[in-house]
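The exercises below are meant to be worked through slowly, with the sequence and the three-dimensional view side by side. Try each task before reading the solution that follows it.

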Amino acid sequence: MSDGKYVEQFKTVGELQEAIDKLIEEHRIAKKKDLGVMFRIVVPPNETTTYKEGSQGPYQLVHGDRIGDYTFDTTLEWVLPDQTAGLSFSKSFSHLKSTWKMLRKHAKGKNQSGPANVASWILESRKIPDGMAFVKDPKNNNHYFLAVVEKMHISKLVTYLRLISHAMATLKDLTN
Amino acid sequence: MLDFSGKDQKAQQVCLYYANQLRADSLIRIIECKAPVSSKEEALAISRFFWEMLEASADDRDNGVIILGEVDLQHWMERSMNIISGYLSSIGYEEEWEKICDEA
């Protein structure tokens, strides 16, 4: 797993913005249609695309996937296509910053606020697996679901998410 | 107007619950989707409300308070944030959202 694959760190929101702006500039050049690079906020000890037992909030885990992030059949063996479900990704710095702040303040409760790391996925380095797609949240242009668009077995989704995790790099949150 | 349709209806119930708790009476009609955000002041007010709601929800979670049948409203906070900030951005009030987010 890619947990701990930190490429950089940030001590201020300004440093975070600088790193994100650089990635967007390098990977979203003049191709407005392409997402190029996408970002995901990760609250440790969870990993970039999977959760650790005890740190997943009020959701059952199936091989590290949260019931609720995807739509399962009643056996919990099969993941059903759903364009309104999937791991959350940010397209813009602004959306990323809001999500980062929200998760720092809320993911573990008020008495355990922060940190929340920022993972990036440069899409040229690994294409989106078959049966999955980035689908724009119809209620927010800068929020995307990494959705399942073809019925697949949970083991396949887990394999895909782990492969994606290997392609992601993490900026470690060292803010106060 | 805010869009709590489909699987997001519970996010609206959560927002209404906290609007009552936080005495944000002037925002009720906006949260009920009966009125649009129609001024900079309202955009700032609904943004401020979100972050106050988040704080209150985190507090309730620490204290084990069950709200609308749930002890952890993380998912509904995420949906509310995406719905409110997405709406404000779509009607030209992204700056107002940003300003309050930076202050939160």
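Helices, written H or I and at least four residues long, and strands, written E and at least two residues long, are DSSP runs numbered from the N terminus. With that in hand, keep in mind throughout that this is a predicted model.

**Exercise 1. Describe the elements and overall form of chain B.**

Step 1. Counting the elements of chain B gives five helices and zero strands, and reading from the N terminus the order is α-α-α-α-α.

Step 2. For the dimensions, the C-alpha trace of chain B spans about 40 × 30 × 20 Å along its principal axes.

Step 3. A compact globule of 104 residues would have a radius of gyration near 13 Å, and because chain B has 13 Å, it agrees with that expectation.

Step 4. Turning to the interior, 40% of the 104 residues of chain B count as buried, and among contacts in chain B with a separation of 6 or more, 66% are between residues 24 or more positions apart.

**Exercise 2. Work out where B:Leu22 lies and which residues it contacts beyond its neighbours in sequence.**

Step 1. B:Leu22 sits in the loop between helix H1 (9–21) and helix H2 (28–31) of chain B.

Step 2. A residue is buried with 20 or more other C-beta atoms within 10 Å of its own and exposed with 12 or fewer; B:Leu22 has 15 within 10 Å and is therefore partly exposed.

Step 3. Once its neighbours within four places in sequence are left aside, B:Leu22 is in contact with B:Phe49, B:Glu52, B:Met53 and B:Ala56.

Step 4. As a check on distance, B:Leu22 and B:Ala43 are 21 residues apart in sequence, and their C-alpha atoms are 17 Å apart in space.

**Exercise 3. Find which elements of chain B give two or more residues to the side that touches chain A.**

Step 1. The contact takes 27 residues from chain B and 21 residues from chain A.

Step 2. On the side of chain B, the elements giving two or more residues are helix H3 (40–62), helix H4 (74–90) and helix H5 (94–103), and the largest share, 10 residues, comes from H4(B).

Step 3. Sorted by class, this side of chain B has eight nonpolar, eight polar and 11 charged residues.

Step 4. For the complex, the predictor gives an ipTM of 0.95 and a pTM of 0.92.

**Exercise 4. Trace how strand S12 (residues 168–173) of chain A pairs with S1(A) and with S8(A), and then follow S8(A) to S2(A).**

Step 1. Strand S1 (residues 6–10) of chain A and S12(A) pair in the parallel sense over four bridges, and A:Gln9 has A:Lys172 as its bridge partner in S12(A).

Step 2. Strand S8 (residues 117–122) of chain A also pairs with S12(A), in the antiparallel sense and over four bridges, with A:Thr170 as the bridge partner of A:Ala119.

Step 3. S8(A) is joined to strand S2 of chain A by six bridges, and these two strands run antiparallel; here A:Ala119 is the bridge partner of A:Arg40.

Step 4. Strand S2 (residues 37–42) of chain A is mostly covered, since five of its six residues are buried.

**Exercise 5. Locate the backbone features at A:Pro45, A:His63 and B:Leu68.**

Step 1. Most residues other than glycine have a negative phi, and most peptide bonds are trans.

Step 2. The peptide bond from A:Pro44 to A:Pro45 is cis, with omega near 10°, and A:Pro45 lies in the loop between S2 and strand S3 (61–62) of chain A.

Step 3. A:His63, although not a glycine, has a positive phi of about 50°; its place is the loop between S3 and S4 of chain A, and with 13 other C-beta atoms within 10 Å, A:His63 is partly exposed.

Step 4. B:Leu68 has a positive phi near 50° and lies in the loop between H3 and H4 of chain B, where B:Leu68 is exposed because 11 other C-beta atoms lie within 10 Å.

Technical notes. Residues numbered from 1 in each chain as written. Chains lettered and ligands numbered in written order. Predicted model: local features only at pLDDT ≥ 70, side-chain atom pairs only at ≥ 80, totals over all residues. Rg over C-alpha atoms; globule rule 2.2 N^0.38 Å. Contact = placed C-beta atoms within 7 Å. Nonpolar A, V, L, I, M, F, W, Y, C, P; charged D, E, K, R; others polar. Pairing = 2+ DSSP bridges.
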